[in-house]
Amino acid sequence: MAIRIKRPRIGITLRFFLLFASVGLIPIVFMSFYIFWQVNRQVAFEVENNLTNVGLRFREDVGRSIDEAMAIGEAVAADPVFADRRASRSDIEREMARLRGESPELGGLYLRKGREVLASSGLRAFVSGDPEILSLSTVPAHVSAPRPFPDNLTPAFLASVPVRTQPGALPTVLVVAVSA
């Protein structure tokens, strides 16, 4: 006589639960993970595109600001008062104050001949102790990295521009702070 092992019987409710779980819940869970993955991928793509566009616009803005700083510096350096050897310090500072009053983007001016400071308007304290800015006055046609301007902490580019003087004279350089 063979021994019969009794198998446990699975109830009808458990069978229906397993059937609905395998047919209904597993696809829902799978679709939820798939949708989450797709949304994450799309968001990452959009963020990357937005950051790339912001970077490109920033690069264009900085390039435009540097070009404007040089153009303003060259226009200001062409002022005949700065090249006039007979102009006194008060004449030069009065002209600097007039230019700063007419151009709101001018943060300050600093005129240097050789190692001698001829005049300054708005930049004297800012320039006096900074070796990088002092080196600007020895390099013709240069624009510094943007830095906070001490009066109002707005970013400013410092452009050094040579002043056209008579031949044989010491090189005169005008450092112009232009707000970015």
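1. Start with helix 3, residues 89-102. D91 and R94 both sit in this helix, three residues apart, so about one helical turn separates them. (Helices are DSSP runs of H or I, at least four residues, numbered from the N terminus.) The two side chains form a salt bridge, with the closest N and O atoms 2.6 Å apart. (A salt bridge needs a side-chain nitrogen of Lys or Arg within 4 Å of a carboxyl oxygen of Asp or Glu.)

2. A word on the model. It is predicted: local features need pLDDT of at least 70, side-chain atom pairs count only at pLDDT 80 or more, and totals for chains, interfaces and linings use all residues. Residues are numbered from 1 along each chain as its sequence is written, and side-chain values use heavy atoms, with hydrogens and water left out.

3. R94 is exposed, at 54%. (Buried means under 20% relative accessible area, exposed over 50%, and partly exposed in between, with a 1.4 Å probe and protein chains only.)

4. Helix 3 holds another pair. R98 and E95 meet in a salt bridge at 2.5 Å, N to O. They lie three residues apart, about one turn of the helix. R98 is partly exposed, with 37% relative accessibility. E95 is buried, at 13%.

5. How many salt bridges does a search of the whole structure find? The count is three. One of them joins the side chains of D61 and R64, at 2.6 Å from N to O. These residues are three apart in helix 1, so about one helical turn lies between them. D61 is partly exposed at 39%. R64 is partly exposed too, at 44%.

6. Stay with helix 1, which spans residues 12-77. D67 belongs to this helix. D67 is exposed, with a relative accessible area of 55%. Check V143 as well: D67 and V143 are 76 residues apart in sequence, but their C-alpha atoms are 9.2 Å apart in space.

7. Last, look at the surface. F30, M31, Y34, I35, W37, V39, V43, V47 and L51 form a nonpolar patch, with about 900 Å² of accessible area together. (Patch residues have over 30% relative accessible area and no salt bridge; like charges are joined within 9 Å, and nonpolar side chains, Val, Leu, Ile, Met, Phe, Trp and Tyr, within 5 Å. Areas come from the Shrake-Rupley method with a 1.4 Å probe; for residues, only the protein chains shown count as cover.) F30 lies in helix 1. F30 is exposed, at 55% relative accessible area.

Key:
Helix = DSSP H or I, 4+ residues; strand = E, 2+ residues; numbered from the N terminus.
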